[in-house]
Amino acid sequence: MKLARIEAAILFENADCLVINKPSNMAVHRGSRNAYGLIDLLQASRAQQSLYLVHRLDKGTSGCLIIAKRRDSM
């Protein structure tokens, strides 16, 4: 369910990056209080592809998040 919600929130995607509308109250990455985050869900669905956070948004903040598909795209 969460993965489908995340995939539906992708606003733009090309060979270099994707832009996603991160919902509020979702962590960007896993941490001490979060078992998983948005990047972890995306990475699980795209196992053959490396994904890199270009920037972060606080867990409680919604908004556009850029994720690079190649390190040199950052």
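Start by selecting Tyr52, which stands opposite Ala68 in strand 4. (Strands here are DSSP runs of E, at least two residues long, and helices are runs of H or I, at least four residues long, both numbered from the N terminus.) What you have open is a predicted model, where local features need pLDDT of at least 70 and side-chain atom pairs count only at pLDDT 80 or more, while totals for chains, interfaces and linings use all residues. Residues are numbered from 1 along each chain as its sequence is written, and side-chain values use heavy atoms, with hydrogens and water left out.

**The sheet**

Tyr52 and Ala68 belong to a spot where strand 3 and strand 4 run antiparallel, joined by two bridges. Now colour the whole sheet: it is open, with four strands in the order 1-2-4-3 and antiparallel pairing. (Two strands pair if DSSP finds at least two bridges between them.) At the edges you'll find strand 1 (10–13) and strand 3 (52–53), each pairing on one side only.

Next, click on Leu18. Which residue does Leu18 stand opposite in strand 4? That's Ile67. Strands 2 and 4 pair antiparallel over six bridges. Leu18 also has Glu13 standing opposite, and strands 1 and 2 (17–22) pair antiparallel over three bridges.

**Helix 2**

Select residues 38–45 to see helix 2, where Leu38, Ile39, Asp40, Leu41 and Leu42 are buried. (Buried means under 20% relative accessible area, exposed over 50%, and partly exposed in between, using a 1.4 Å probe and protein chains only.) Among the elements covering those buried residues are helix 1 (2–8) and strand 4 (63–68).

Move on to Arg46, in the loop between helix 2 and strand 3. Is Arg46 buried or exposed? It counts as buried because its relative accessibility is 14%. Beyond its neighbours within four places in sequence, Arg46 is in contact (heavy atoms within 4.5 Å) with residues including Ile10, Leu18 and Leu51.

Show the side chain of Glu7 too: Glu7 and Arg46 meet in a salt bridge, 3.4 Å from N to O. This pair links helix 1 to that loop, 39 residues apart.

**Last stop**

Finally, select Asp16 and Arg70, whose closest N and O atoms are 3.3 Å apart in a salt bridge. Asp16 lies in the loop between strands 1 and 2 and Arg70 in the segment after strand 4, so the pair ties together parts 54 residues apart in sequence.

Note on methods:
Salt bridge = Lys/Arg side-chain N within 4 Å of Asp/Glu carboxyl O.
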